[in-house]
Amino acid sequence: MGGKVSCTLGEVKNRADFILYWGGNPAECHPRHFTKYTIMQKGKFLPEGRKGRTMVLVDIRETMSVKAADIFLQVRPGKDFEVITALRALVKGNRVDTALVEETGLKLEQLQDLVDRMKRCKFGVIFFGMGLSMTRGKHMNSAAVLTLAAEMNAFTKFVAMPMRGHGNVAGADMVLRWTTGYPFGVNLCRGFPRFNPGEFSTVDLLVRGDIDAAFVLGADPGATMPQPGIDTLARVPTIVLDPKVTHTSRLARVHITTSVTGISSPGTAYRMDEVPLPLRPVLKSPYPSDEEVVRRIIAAVDKKTAWLPRPETMSSGVA
Amino acid sequence: MLRITGGKVYDPANGINGEVRDICIADGKVVANVEGGRTIDANGMIVFPGGVDIHTHVAGAALNFARALTPENQRVAAKFMRTKDTRMGIGGQTPTTFATGYLYAGMGYTTVVEAAVPILSAKHTHEELRDTPIVDKACCLLMGNNELVMDLLEVGEYEKAKHTVAWLISAAKTYGIKAVNPGGVAAWKFGKDAKQIHSPIDGYNKVNPGTIIANLAKIVDELGLPHPMHLHCNNLGVPGNVSTTLETMKLLEGNRAHMAHLQFHAYGGDDWHNMRSESVQLAEYFNAHPNLTCDAGAVLFGNAVTITADGPWQHLLYQLTGRKWGNLDVENETGCGIVPYTYKGSNLVNAVQWAVGLELLLLINDPWRIFLTTDHPNGACFWRYPEIIHLLMHADIRRERVRALPDAALSRIYLADLDREYTLYEIAIITSAGPARALGMKQKGHLGVGADADIAIYNQNPDGELMFRYPRYVIKGGEVAVEEGEIRSVKDGHEFVCQPSYDEKIEDYLKPVFQQQYTMSFENYPVEAERVHGMQIAECSYHKETRTGAPEGDSPRTTPPSGG
Amino acid sequence: MTVTITQHATCTFCGCVCDDIELHDDGVKIIKTKAACSLGTSWFLNHTAERLYPDALIDGKEASVDDAVEVAAEYLHRANMPLVYGLSNVTCEAQREAVSLAEKIGAVIDSHTSL
């Protein structure tokens, strides 16, 4: 297994002479990624900036990001895993069947050229987006691309990083890890944290109808979930905190308007490379912050009979 | 108000060795006398100053990365269920923050030093420390591969480098600094390492690991930081690295230094097949050089997670073990590597590592200069310290364990020849009084009047492991935090920081360089004071003539606490 | 109209979390941004300090925050298997409180990451 071999974005800015984007369209989804962090920057060890870097884009279709790339490799939809596997074999010098590669929409020579470039660079990075991690193969694709980057370190310096989307989703991972030990989908109903993606992930819980109340903040699942999941949200008491009245608010029993993160409410957000940044709110909102409302709900819950899991075993605190 | 009566008190900083005497507490401090309040009858019990862990990894980006990388460990770890006063959590190799506080306090430890903090993510470390209840905290800033500092040393700008270090410590709100594989982690940014103390680091003409080590030690002393430079030497974990360690120590003559997890730096041989213990050679040098302190970094057999800023070493370990590998290089500052690891008694290398940790603890003859650590979670988890204490107190049990090792290990280690057995007084030194003194925390590690009332009370038991694993009472800041295994008070501890002075003009130099090399705004880089929960500022009042090492005579030290 | 200029503001619209944004505001609206991208600019310009929505809704009817908090607490306290979900467009401080709430009600807590 590979694990995860990564860096903060400044390392890419200062050192990366080979930058590969896979299944992402930064030109439209992360517009300043190129200009602030990666290809366009002059780095400490890349004084010539863009000229000193090679940019490769792998995607299933031509997006706005193609213009920024030196090389564009168009993969047939659903064939990313096969391409990564072929690359891992080529990196190790193993023989790869031409016909198998051609099923992916690419040619063996293209992949061999890519591997040669990867091995020649001084510092390589792969950014992968939802086009890789949310399509056929899903987390298997992410694991494969992370392993490819880890294995490249036998030849040269190489790292990989997911292109995290929504604002502070990286922060949610961080906070959940230090408080519960797991990054997402944590079930606390037995009194201690349990983790089993696929069982305790929201989409699975909602589609199976396994919950009897929902508290939603910083998201609008009523607009994005599959219909059976939305039906569950409408059936159980749902509570929404959001700066706007959202799709989810409309099917919820309770909606509370909150101030906008970073514009009116202060605090911290994590960048996709897990660097924490302070927020500098500028407008005084007529609404309370999410943090304040959650605190008030906690205070209201505290006034009721406390739920204590298995009180008879609580003496040592250790199960 | 609280009185502890009838217990045998072990307070080495004040020369008290098992005398029965009362300890009185008011307003969180040890006082001469109290009237009224609760009395704890400690008859048949022993009374220690609360434990001080000088080197551990419990909070921040690296540890949180390890949590994400090893859900399989969390699944089988001890679970902390929610109670009226305590939060949920998970123990194991990389405990959650709340569990970390409960586990340390539950073992009688009341002060904890997080040893590795990047400036770039120091906000994150402080956030996690805020959620680490009961214990007091401090942290060390990673400085041995900081390119702002290295670039200044390259052009001979020592004074500017010193002001930069002071500014960075103040910005990150840490207590001291730590150098990890100096130069090697910077070289790792292009896939290299720094194995020779006197060879220039990749990308530099003048700066070599030795330059960084010598200059940082001098800077720390000149800034008057209470704790000396905390040093993780080059070539950690590698056969034959004792020569690097000795060369490094020679560079440090004339300055203070704390040698972190010395066990990992005390090997002979030249490959994995003939690796052997060099604890005797290393201890001999160390014993003769009172400018140095160290912590053991002992290894116990079982599962561990290796977490270190030493990126190149972790890549090697990944290649050796074929297990998962986490790596996070931090721009211009440091790196971080994570590889899960299992120490096995049947493995020759691991057998040598296990022996070396204990040998150093037994061969370094001044307990005020070597402290109990496992470099948690690298050598073993901190909650296994009682197992090590037990081995230190019993030569026969050590010999029995040695007999269980592979025959080939016996000629490579010294452990079976060592007769020394630690006394309770010495255990109190290596777990509390010694590390507190090495940290320059005058209010910690002793029970004299004016000390913070952090106290562990144990039922006396010939089985040291049982005794130290389950304290009868733990008192933190004058409140009973643990009583008969139950968490009673979860009051948050303090965090100690230093704010060494610097020439403010250094910002004019740093800002443009920073904007070129970093990806964050200079103005958003420093940690805001309000982010450090329970912050107490410690004085930077070290002067070079102060000597370290054993106390002079048995005169009680009743220095008032610093830092308010 | 007084315009306030804020330097080094942080944009939380996407995972880039750029922290070098200059914002000009009149107290109610942000009227100008510098350094932000097109997505960031519309994020900043489209959120104001105006009262465009009711403080709270209970069963679709306008309500006070106090009442909504009480009703929310009642539903969550009563539930056997509540879900706490989202956590993307909120601060770490709010996320930290959400974990605390999830512990008290014995919930599953999850973010966008699980999708």
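**View 1. Strands E1(C) and E2(C) pair in the antiparallel sense.** The two strands, E2(C) being residues 21-25 of chain C, share 4 bridges. Strands pair if DSSP finds at least two bridges between them. Within E2(C), Leu23(C) is the bridge partner of Thr6(C). Helix H1 (residues 38-46) of chain C packs on the sheet and touches E2 and E3 of chain C. Its direction makes about 160° with that of E3(C). Such angles run from 0 to 180 degrees between N-to-C directions, with axes fitted to C-alpha atoms, for helices over the stretch in contact. This is a predicted model, in which local features need pLDDT of at least 70, side-chain atom pairs count only at pLDDT 80 or more, and totals for chains, interfaces and linings use all residues. Residues are numbered from 1 along each chain as its sequence is written, while chains are lettered from A and ligands numbered from 1 in the order in which they are written.

**View 2. The open sheet of chain C has 3 strands.** Their order is E1-E2-E3, with antiparallel pairing. E1 (4-9) and E3 (30-34) of chain C are the edge strands, and each pairs on one side only. From one strand to the next, the twist averages 20°. Strands (E, at least two residues) and helices (H or I, at least four) are DSSP runs, numbered from the N terminus.

**View 3. An open sheet of 4 strands lies in chain B.** The order is E5-E4-E1-E6, and the pairing is mixed. Strand E4 (residues 23-26) of chain B pairs with E5(B) in the antiparallel sense, over 3 bridges. Ile25(B) stands opposite Val30(B) in E5(B).

**View 4. Chain A meets chain B.** Chain A gives 53 residues to the contact and chain B gives 48 residues. Residues are in contact if their C-beta atoms, placed from the backbone, lie within 7 Å. On the side of chain A, H1(A) provides the largest share, 6 residues. This side divides into 25 nonpolar, 17 polar and 11 charged residues. Nonpolar means Ala, Val, Leu, Ile, Met, Phe, Trp, Tyr, Cys and Pro; charged means Asp, Glu, Lys and Arg; the others, Gly among them, are polar. E1(A) pairs with strand E20 (residues 325-329) of chain B in the parallel sense, over 5 bridges. Ser6(A) has Leu328(B) as its bridge partner in E20(B).

**View 5. Chain A also touches chain C.** The contact involves 93 residues of chain A and 79 residues of chain C. Helix H14 (residues 290-302) of chain A contributes the largest share of the chain A side, 10 residues. By class, this side has 52 nonpolar, 25 polar and 16 charged residues. Strand E11 (residues 254-257) of chain A and strand E4 (residues 56-58) of chain C pair in the antiparallel sense over 3 bridges. His255(A) stands opposite Leu57(C) in E4(C).

**View 6. The largest nonpolar core has 328 residues.** A nonpolar core is a set of buried Ala, Val, Leu, Ile, Met, Phe, Trp, Tyr and Cys residues joined through C-beta atoms within 7 Å. Buried means that 20 or more other C-beta atoms lie within 10 Å of the residue's own, placed from the backbone. Val145(A), Ala149(A) and Val47(B) touch the most other members. Helix H12 (residues 348-363) of chain B gives the most to this core, 10 residues. Not counting residues up to four places away in sequence, Val47(B) touches several residues, among them Ile4(B), Tyr10(B), Ile23(B) and Ile457(B).

Definitions and conventions
Two residues are in contact if their C-beta atoms, placed from the backbone, lie within 7 Å. A residue is buried if 20 or more other C-beta atoms lie within 10 Å of its own, exposed if 12 or fewer, and partly exposed in between; C-beta atoms are placed from the backbone.
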